[in-house]
Amino acid sequence: MDAAQPLVDLAPITRMMLFGIVIALGPLLWIGLKHRSASPAQRLRVLTLVTLFLTFDLVLFGAFTRLTDSGLGCPDWPGCYGAASPIGAHADISAAQSAMPTGPVTFSKAWIEMIHRYLATGVGVLIIVLAVGSWIERRRIHVHWVWPVVTLVWVCLQGAFGALTVTMKLFPAIVTMHLLGGLVLLALLRAQSVAYRLGEPGSPGPVALSPAQRWALVGAFALLWLQIALGGWVSTNYAVLACREFPTCQGSWWPPMNLREGFTLWRELGSNRVGEAITFPALTAIHYVHRLMAYAVFALLLALAWALWRVPGMARFARVLLALCAWQFFTGLSNVVLDWPLLAAVSHTGGAAALVIAFTGALASSRAQVSR
């Protein structure tokens with residue numbers, strides 16, 4: 001039955017958009033009623049923050065979808081066996097579940113996958129409203145309309161990667177890029193929310209940092225992205241349990257690893273570059289490189305928090321950074337010693353997303369001092 005099912009079915013796209021509009025209507029009505037007397041810039045800032053919050057939820061639910069093996073709960077896109085919901089695909093899902101009760105297609109996995117798509121569509125509708133509103137109010141707000149449009153283009157690319165994760169059967173490189181793309185979307189929205197705040201009358205303006213502090217902030221953020229990419233590679237290759245103890249791995253400080261096989265990027269899930277089953281040393285390499293990099297990034301973030309603690313306007317960021325470092329350490333450790341509990345794994349992704357939001361806010365609200 002799957003062989004006759006088209007991988008990309010555009011028939012239910014209109015109904016999917018209706019789901020997205022319904023989801024988006026709630027936040028839009030709340031903003032319109034609660035902030036009806038606010039300025040256009042203030043309403044757009046609130047809309048950006050609400051969209052940021054829902055996008056954060058979307059990233060978490062995407063992690064939940066991946067970690068529950070629900071990414072192929074509906075093996076076509078954008079609908080489910082050509083229907084807009086698992087209800088309309090009842091017969092197809094029943095047949096797939098009967099043939100393989102613990103397989104990729106079950107009713108629970110289909111609902112998880114489709115709820116993720118509904119939420120993504122709702123976020124897309126909010127970003128469309130944000131881009132249109134910014135264009136209409138472009139002469140009265142301080143944020144350039146280009147950034148909301150860039151965000152709209154980016155969310156469309158995210159939708160394309162979401163389709164590819166299904167049509168390419170959870171190809172690890174595609175799934176990892178889809179995760180990173182969601183975090184880039186968070187960064188874009190956070191930067192816009194800061195720009196709206198700085199553009200409000202009476203805003204104190206950006207925080208002045210020394211060139212060294214500014215470069216330290218930029219460098220730490222760059223290394224954080226690398227660490228998140230490594231973490232995504234661990235998750236999309238299901239390599240978390242390659243090391244089940246801490247701080248050693250398989251009873252050794254340097255376990256048997258196959259770095260070349262583990263970091264061959266363009267290959268199918270569970271396979272190496274020649275199509276054979278990926279070896280355990282390759283999975284160990286994926287896990288252990290992420291862990292070793294975490295030590296360096298953790299030390300750098302602690303040093304950055306210490307350096308910015310007494311800088312006026314940056315103390316809050318320093319406290320948040322310390323809290324998120326502790327969160328990431330304990331959730332990451334729980335993934336190993338507790339055999340990858342679902343709550344800890346989703347929480348670890350949430351911590352990474354929160355770090356991206358915090359760093360973007362710190363960078364967007366600060367500037368390097370100009371020496372005279």
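**Figure 1. Placement of F246 in the predicted model.** F246 lies in the loop that joins α7 (211-236) to α8 (259-262); helices (H or I, at least four residues) and strands (E, at least two) are DSSP runs, numbered from the N terminus. With a relative accessibility of 34%, F246 counts as partly exposed, a class between buried (under 20% relative accessible area) and exposed (over 50%), with a 1.4 Å probe and protein chains only. The model is predicted: local features need pLDDT of at least 70, side-chain atom pairs count only at pLDDT 80 or more, and totals for chains, interfaces and linings use all residues. Residues are numbered from 1 along each chain as its sequence is written, and side-chain values use heavy atoms, with hydrogens and water left out.

**Figure 2. The salt bridge between E113 and R117.** The search of the whole structure gives 1 salt bridge, defined as a side-chain nitrogen of Lys or Arg within 4 Å of a carboxyl oxygen of Asp or Glu. Its partners are E113 and R117, with an N to O distance of 2.8 Å. Because E113 and R117 are 4 residues apart in helix α4 (residues 107-136), about one helical turn separates them. E113 is buried, at 6% relative accessibility, and R117 is buried at 6% relative accessibility.

Figure 3. The largest pocket holds about 940 Å³ of space. A pocket is an open set of points on a 1 Å grid over the protein atoms alone, where a 1.4 Å probe fits, with protein on both sides within 12 Å along at least five of seven lines; lining residues have an atom within 4 Å of a point. Grid points are joined across faces, edges and corners, and the volume is the space filled by probe spheres set on the points. Of the 40 lining residues, A120, Q158, G159, G162 and H178 lie nearest the centre. Helix α5 gives the most to this lining, with 10 residues. By class, the lining has 23 nonpolar, 14 polar and 3 charged residues, where Ala, Val, Leu, Ile, Met, Phe, Trp, Tyr, Cys and Pro count as nonpolar, Asp, Glu, Lys and Arg as charged, and the others, Gly among them, as polar.

**Figure 4. Lining of the second largest pocket.** About 790 Å³ of space lies in the second largest pocket. Its lining comprises 34 residues, and Q227, H290, Q328, G332 and H348 lie nearest the centre. Helix α9 supplies the largest share, 8 residues. This lining has 21 nonpolar, 11 polar and 2 charged residues.
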